[in-house]
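Colleague: I am new to this structure and would like a close look at a single part of it. Please take the salt bridges and go through them one by one.

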Amino acid sequence: MVTSGSSIKTYCLSVYRQPAATKYQVSSQKVILNGTSKDLYAVNINGNNFIKLRDIAYLLNGSSKQINISFNTSTNAAYLASRTAYTSMDGSENTAIKLANPQISAQSFYLDNASIYPVAYNINRNNFVNLRQLCAVLDIGLTYSSATNTITLNTANSYTAGQ
């Protein structure tokens with residue numbers, strides 16, 4: 001918080017650093033979206049699933065939680081627009097991952113022009129965002145069953161932490 005005379009401004013500073021030893025592999029979890037099994041190409045980084053931002057937009061298209069994504073290279077920012085149909089950028093959505101050493105993404109992220117702060121990695125020039133954090137921001141129900149190694153996403157449900 002910064003005070004100048006009678007004016008008070010609050011700033012939020014988020015600092016992420018690359019872990020000393022990043023363990024990563026293509027994720028092996030099955031995914032069910034709104035009751036339908038889906039192919040989802042995600043990366044498990046240090047025990048958390050990260051999904052390419054365009055892939056989740058592609059999968060959510062036509063649902064009540066659909067999003068469109070645009071990028072601004074001059075500001076190094078990704079913009080998510082809720083309740084907007086996804087427009088493919090290059091047809092590379094939901095394809096097999098060419099795994100390379102993930103690096104913390106330097107991009108800023110916005111949902112409906114408000115800053116959001118998901119942990120994100122850059123892999124082969126693509127943003128991979130933490131799936132759980134993205135579901136929290138988009139208010140998508142997410143559960144995980146270790147017995148079946150299955151992630152279930154439900155756009156009709158709200159996100160509940162720890163499920």
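Modeller: A salt bridge here is a side-chain nitrogen of Lys or Arg within 4 Å of a carboxyl oxygen of Asp or Glu. Side chains of opposite charge can pair when their charged atoms come close. The model is a predicted one, and a search of the whole structure finds three salt bridges.

Take the pair Asp90 and Arg54, whose closest N and O atoms are 3.1 Å apart. Asp90 is exposed, at 51% relative accessible area, whereas Arg54 counts as buried at 12%. Apart from neighbours within four places in sequence, Arg54 is in contact with several residues, including Ile69, Tyr86, Met89 and Asn126.

Another salt bridge joins Lys52 and Asp55, with 4.0 Å between the closest N and O atoms. Lys52 is buried, with a relative accessible area of 8%, and Asp55 is buried too, at 1%.

There is also a salt bridge between the side chains of Lys65 and Asp139, at 4.0 Å from N to O. Lys65 is in the loop between α1 and β8 (67-72), and Asp139 is in the loop between α2 (131-138) and β15 (141-145), so the pair links parts that are 74 residues apart in sequence. Lys65 counts as buried, at 17% relative accessibility, while Asp139 is partly exposed, at 31%.

How values were computed: Residues are numbered from 1 along each chain as its sequence is written. This is a predicted model: local features need pLDDT of at least 70, side-chain atom pairs count only at pLDDT 80 or more; totals for chains, interfaces and linings use all residues. Side-chain values use heavy atoms; hydrogens and water are left out. Contact means heavy atoms within 4.5 Å. Buried means under 20% relative accessible area, exposed over 50%, partly exposed in between (1.4 Å probe, protein chains only). Helices (H or I, at least four residues) and strands (E, at least two) are DSSP runs, numbered from the N terminus.
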